[in-house]
Amino acid sequence: MHITIATVGKLKERYWDEAAKEYLKRLTRYAEVNVIEVAEEQAPETLSPAEREAVKTREGERLLKALRPDAHLIALVIEGKQLTSEGLSAHLADLSLHGTTEVAIIIGGSLGLSPAIISRAHLQLSFGKLTYPHQLMRVILLEQLYRAFKIMRGEPYHK
């Protein structure tokens, strides 16, 4: 399976970058995982609702342009479906069983994802009702992917 994590913005802090690299290294045993970073729009704190939507639209266009059109798209959104780690593992195993080889997981910018991304997604996935910085979300996602593959293979993983 090939997994692309498409995200808005770069990891700015060294500790997030190191954690992400560690999980990417661990994941090489299970899947080909790559990260695509698209430019983040400059968004001052005070934006009108229309300006907020325009920022999300521009970021969403960059994300969609970077993805393969045949990818199974998973959008990370607060309002999405919440899965357990075992549930995420089962979802990925089911995709693989049914011949899905390309999976793209999308992490939006600080304002979230555009409606175009959300409507195109095969799965809207939530990691809970809490809001996480999108840099931390990348690390959490990578850890959960690693955990999902360990579960899928019946290998031990700390709880």
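Leaving aside residues up to four places away in sequence, Ile105 touches Ile3, Thr4, Ile5, Ala6, Ile74, Leu76, Leu141 and Leu145, a contact being heavy atoms within 4.5 Å. The structure is a predicted model, in which local features need pLDDT of at least 70, side-chain atom pairs count only at pLDDT 80 or more, and totals for chains, interfaces and linings use all residues. Residues are numbered from 1 along each chain as its sequence is written, and side-chain values use heavy atoms, with hydrogens and water left out.

Ile105 is one of the residues with the most contacts inside the largest nonpolar core, together with Ile3, Ile5 and Leu145; this core has 28 residues. Here a nonpolar core is a set of buried Ala, Val, Leu, Ile, Met, Phe, Trp, Tyr and Cys residues joined through side-chain atoms within 4.5 Å. Buried means under 20% relative accessible area, exposed over 50%, and partly exposed in between (1.4 Å probe, protein chains only). The elements giving two or more residues to the core are strands E1 (2-8), E3 (72-82), E4 (102-107) and E5 (123-126), and helices H1 (14-27), H3 (85-97) and H5 (134-152). H5 supplies the largest share, eight residues. A second, separate core has 14 residues, among them Ala6, Val8, Leu73 and Ile117. In soluble globular proteins, nonpolar side chains tend to be buried together.

Ile107 is also in strand E4. Ile107 counts as buried because its relative accessibility is 3%. Not counting residues up to four places away in sequence, Ile107 touches Ile5, Ala6, Thr7, Val8, Leu76, Leu113, His134, Met137, Arg138 and Leu141. Its C-alpha atom is separated by 6.8 Å from that of Ala75, 32 residues away along the chain.

Helices (H or I, at least four residues) and strands (E, at least two) are DSSP runs, numbered from the N terminus. Among contacts between residues at least 6 apart in sequence, 85% join residues at least 24 apart.

The C-alpha trace spans about 50 × 35 × 25 Å along its principal axes. The radius of gyration is 15 Å, which agrees with the value near 15 Å for a compact globule of 159 residues; the radius is taken over C-alpha atoms, and the globule rule is 2.2 Å times the number of residues to the power 0.38. Of the 159 residues, 44% count as buried.
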